[in-house]
Amino acid sequence: MMRVKHFLTVVAVAVLSWGAVSAVAAPDAKYGYVDIEQLFNTPAAQEVLSKQEIYQSETRAELTRLQQDLERQYQELSDLRGTNPMELTAEQRGRLEKFQNDQAQFEDKVNSAQELPPELTQELEKFQQNITSVIGQVAKEKGVTMVVNKSAILWSESFHDLTEDVMEKMQ
């Protein structure tokens, strides 16, 4: 979930920074902000975050199961430690080979678990594009020439909060 929030925040900051370039050139610019954290409470965001949580939960469960299987195999093979490989039976060599293969597959799964599946990544990108589009639409409707994330504002007299309008359009 944190990865999605970070990803969306980075994109929002990039999009909002893009608006800063045009606002710097316009002395009569009107500024606005969006509270990105509140956008995560919209149904669309919750749906994406829920899918990510389900994926992560399923992945953790699979990795736990695989790890337990490897530990069980390791315990079963512990009696072979120190045995000359030439003295092993074909069955024992097969068990050791299976253990090594399972261990390599586990490591691959751990590494691939760091990545989101392509379909979830695409859905996340689509959601991101939707946020960007909606922020742009609301900003244009309100005559705002630059929008930033609320957390980026240290002090201001004239920023307009666009968060509620963006949230309404996202629903």
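Asp-102 is buried, with a relative accessible area of 17%, which puts this residue under the 20% limit for buried residues. The model is a predicted one. Asp-102 forms a salt bridge with Lys-98, and the closest N and O atoms of the pair are 2.6 Å apart. Both residues belong to helix 4 and lie 4 residues apart, about one turn of the helix. Lys-98 counts as partly exposed, at 43% relative accessibility.

**Salt bridges**

A search of the whole structure gives 8 salt bridges.

| Salt bridge | N to O distance | Relative accessibility of each residue |

Glu-91 and Arg-95 are both in helix 4 (residues 90-112); they are 4 residues apart and so separated by about one helical turn.

What does the salt bridge between Glu-123 and Lys-51 link? Through salt bridges that share partners, Glu-47, Lys-51 and Glu-123 are joined into one network.

**Helix 5**

Helix 5 covers residues 118-142, which is 25 residues. From its first C-alpha to its last the helix reaches 36 Å, close to the 36 Å expected at 1.5 Å a residue. Its buried residues are Leu-120, Leu-124, Phe-127, Gln-128, Ile-131, Val-134, Ile-135, Val-138 and Ala-139. Gly-143 follows the helix and has a positive phi, near 70 degrees.

**The sheet**

The chain has 6 helices and 3 strands, and from the N terminus its elements run α-β-α-α-α-α-β-β-α. The 3 strands form an open sheet in the order 2-1-3, with parallel pairing. Strand 2 (146-149) and strand 3 (159-161) are at the edges and have a single partner strand each, so one side of each has no neighbour in the sheet. From one strand to the next, the twist averages 35 degrees. Strand 1 (residues 31-34) pairs with strand 2 in the parallel sense over 4 bridges, and Gly-32 stands opposite Val-147 of strand 2. In sheets, strands pair through backbone hydrogen bonds, either parallel or antiparallel.

**Thr-163**

Thr-163 lies in helix 6 (residues 163-170). Is this residue buried or exposed? Thr-163 is buried, at a relative accessible area of 1%. Leaving aside residues up to four places away in sequence, Thr-163 touches Tyr-33, Val-34, Asp-35, Gln-38 and Leu-39. Among these, Tyr-33 and Val-34 fall within strand 1, residues 31-34.

**The chain as a whole**

Of the 171 residues of the chain, 32% count as buried. Among contacts with a separation of 6 or more, 84% come from residues 24 or more positions apart.

Key. Residues are numbered from 1 along each chain as its sequence is written. This is a predicted model: local features need pLDDT of at least 70, side-chain atom pairs count only at pLDDT 80 or more; totals for chains, interfaces and linings use all residues. Side-chain values use heavy atoms; hydrogens and water are left out. Helices (H or I, at least four residues) and strands (E, at least two) are DSSP runs, numbered from the N terminus. The expected span of a helix is 1.5 Å times one less than its number of residues. Buried means under 20% relative accessible area, exposed over 50%, partly exposed in between (1.4 Å probe, protein chains only). Two strands pair if DSSP finds at least two bridges between them. Axes are lines fitted to C-alpha atoms, for helices over the stretch in contact, and angles run from 0 to 180 degrees between N-to-C directions. Contact means heavy atoms within 4.5 Å. A salt bridge is a side-chain nitrogen of Lys or Arg within 4 Å of a carboxyl oxygen of Asp or Glu.
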